[in-house]
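Here is a short briefing for a first look at the structure below. Please keep the sequence and the 3D view at hand while reading.

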Amino acid sequence: ALATLTHRAALRLHRGAPTPSSRRSASFAMRVLSMLASSPASPLPTTCQSWEASTLAGIRSLECRTTAVPPMSANDVMVSVKAVGLNFADIFCVLGVYEAANKMLSNGSPPNSGGTSQAAGSFCPGLEFAGEAVAVGAAVKDIRVGERVYGFTRFGAYRTVVVQEAVYLRPVPEGWSYAEAAALVAQGLTAWHGLVELGNIKRGARVLVHSAAGGVGCAAMQICTSLGCQSTGVVGSEGKAAWLQERFPQAEVLVRGPQRGYAEQLRALPGGGRFDCVLDSLGGKYFSAALDSLDPMGRIIHFGATYSYGGAKDGWCGLRKWLTFVPGYLSRPMVDPGQLTPTNRAVFGFNMIWLTDRVDLLTAELDAMLGKGGMTNRAPAVGATYPFEQLPEALEYLNSGASVGKVVVEVGEESKQD
């Protein structure tokens with residue numbers, strides 16, 4: 001009946017001047033068709049599989065559970081997840097050293113927090129995902145059922161179904177896989193916010209990127225390329241150096257040695273190892289040496305400490321975690337503010353979760369990163385994929401320090417293991 005109505009209305013408009021009746025018929029038909037296009041073709045899922053933890057004691061505290069799909073609001077999109085991007089922040093969460101995760105476990109997700117709803121007593125990690133929109137809220141204008149999307153969430157991405165506000169979602173670029181799309185948002189936003197919003201890099205700036213073969217590091221190198229900066233990528237092995245040099249042939253690549261000799265390694269670089277901006281994710285003496293390498297007006301941006309804290313291990317009823325974590329914590333660098341003024345240097349620290357409290361900033365930076373940052377010019381490098389059922393193993397591989405690019409977990413038919 002609807003098809004007949006639409007066809008008749010179209011014929012009336014085609015055969016002669018439109019009448020009020022024909023315009024009303026055509027308008028009504030198109031509105032109904034639009035509603036149907038945004039409605040699911042089959043019943044919506046009410047439950048999903050979710051990796052969650054009731055205590056944040058390590059990677060193996062995660063359990064795969066069946067959980068209810070959160071209700072949708074008018075601004076939400078329900079996404080059947082096909083891929084989940086993993087981040088070191090996820091490891092910090094399950095180790096119990098990420099403050100926002102501890103608060104969410106204790107209190108549940110705060111209202112309008114930019115993340116999938118979570119109740120107190122159980123925590124689901126995960127910041128980024130990609131999948132198919134299976135339902136959209138009445139107020140959503142730019143996303144249709146069946147569209148391939150990727151997005152960011154304030155935790156809760158370790159699920160086979162995610163309900164998220166449309167403002168945090170974007171369409172998957174043409175030709176990209178779900179795994180590649182799931183490898184973009186968290187690392188790209190981290191690199192953009194650090195380098196551009198805080199680091200204030202401009203064309204020609206000299207930029208030092210720690211852990212350059214990882215997800216955030218690769219994003220940072222891509223942004224430097226797009227903005228015309230001179231980048232030096234620091235990696236932990238010769239194998240990673242060869243991989244990074246092939247991906248970014250114009251960049252300088254340095255294989256870091258022990259912490260005590262790192263300052264000398266930097267001084268041996270062309271130009272004496274002087275930089276305008278450093279993106280640091282290592283901490284320890286690597287941070288201290290990088291801070292000393294800044295020229296006047298230089299800025300160091302610290303967003304993690306994977307070398308000092310990220311290597312914390314599971315096991316032995318939590319004792320092993322603290323035996324590996326505490327030494328790095330105790331040896332963390334101390335910065336004297338009085339020494340920053342005469343040398344005209346700045347130290348920034350940031351946590352991307354803070355941006356979920358400012359959705360206006362988050363979405364503006366996301367669009368700038370995708371556009372000016374050139375992050376859609378080439379697909380992110382996915383170094384390894386794991387099936388959803390092996391998510392803990394994927395986290396352990398990420399934590400091993402052996403990975404390059406992004407580690408991604410795939411769901412259902414997308415699932416395969418590299």
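## Strand β3 and its partners

Strand β3 pairs with strand β4 (residues 128-136) through 8 bridges, and the two run antiparallel. This is a predicted model. The protein chain has 15 helices and 15 strands. Buried residues account for 51% of its 418 residues.

- A83 of the chain stands opposite A130 in β4.
- A83 also has a bridge partner in β15, namely E410.
- Strand β15 (residues 406-410) pairs with β3 over 3 bridges, in the antiparallel sense.
- Strand β6 (residues 161-165) is joined to β3 by 5 bridges, and these strands run antiparallel.
- In β6, Q164 is the bridge partner of V77.
- Strands of a sheet pair through backbone hydrogen bonds, either parallel or antiparallel.

## The parallel sheet

- Six strands form an open sheet with parallel pairing: the 6 strands follow the order β10-β9-β8-β11-β12-β13.
- β10 (252-255) and β13 (346-349) stand at the edges. Each has a single partner strand, so one side of each has no neighbour in the sheet.
- From one strand to the next, the twist averages 15°.
- Strand β8 (residues 206-209) and strand β11 (residues 275-280) run parallel and are joined by 3 bridges.
- V209 has its bridge partner in β11: L279.
- Helix α6 (residues 185-198) packs on this sheet, where it touches β8, β11, β12 (294-302) and β13. The direction of α6 makes about 155° with that of β11.
- Helix α10 (residues 284-292) lies across β8, β11, β12 and β13. It runs at about 150° to β12.

## Helix α8

- Which residues of helix α8 (residues 238-247) are buried? They are K240, A241, L244 and R247.
- Seen down the axis of α8, these buried residues fall within an arc of 130°, so they line one face of the helix.
- An α-helix has 3.6 residues a turn, so residues three or four places apart point the same way.
- The face turned away from the buried side of α8 carries the exposed residues E238, G239 and E246.
- The buried residues of α8 pack against α7 (215-227), β9 (230-235) and β10.

## A251, between α8 and β10

- A251 sits in the loop between α8 and β10.
- Is A251 buried or exposed? The relative accessible area of A251 is 9%, so A251 counts as buried, the cut-off being under 20%.
- Apart from neighbours within four places in sequence, A251 is in contact with M221, S231 and Q245.
- The C-alpha atoms of A251 and T225 are separated by 8.6 Å, and the two residues are 26 residues apart along the chain.

## T363 in helix α14

- T363 lies in helix α14, which spans residues 359-371.
- T363 has a relative accessible area of 13%, so this residue is buried too, again by the cut-off of under 20%.
- What does the side chain of T363 reach? It reaches the backbone oxygen of V359, at 2.8 Å.
- T363 is also in contact with V167 and R170, leaving aside its neighbours within four places in sequence.

## Contacts along the chain, and confidence

- Among contacts in the protein chain with a separation of 6 or more, 68% are between residues 24 or more positions apart.
- The pLDDT of the protein chain averages 86, and 83% of the residues score at least 70.
- Residues 1-18 have a pLDDT below 50. Beyond near neighbours in sequence, this stretch has 20 contacts in the model.
- Residues 20-38 also have a pLDDT below 50. Here the model shows 25 contacts beyond near neighbours in sequence.
- Where pLDDT is low, the predicted coordinates should not be read in detail.

Notes: Residues are numbered from 1 along each chain as its sequence is written. This is a predicted model: local features need pLDDT of at least 70, side-chain atom pairs count only at pLDDT 80 or more; totals for chains, interfaces and linings use all residues. Side-chain values use heavy atoms; hydrogens and water are left out. Helices (H or I, at least four residues) and strands (E, at least two) are DSSP runs, numbered from the N terminus. Buried means under 20% relative accessible area, exposed over 50%, partly exposed in between (1.4 Å probe, protein chains only). A polar contact is a pair of N or O atoms within 3.5 Å; within protein, one must be able to donate a hydrogen and the other to accept it, and residues adjacent in sequence count only if both atoms are side-chain atoms. Contact means heavy atoms within 4.5 Å. Two strands pair if DSSP finds at least two bridges between them. Axes are lines fitted to C-alpha atoms, for helices over the stretch in contact, and angles run from 0 to 180 degrees between N-to-C directions. pLDDT is the predictor's confidence in each residue, from 0 to 100. The arc is that of the directions from the helix axis to the C-beta atoms.
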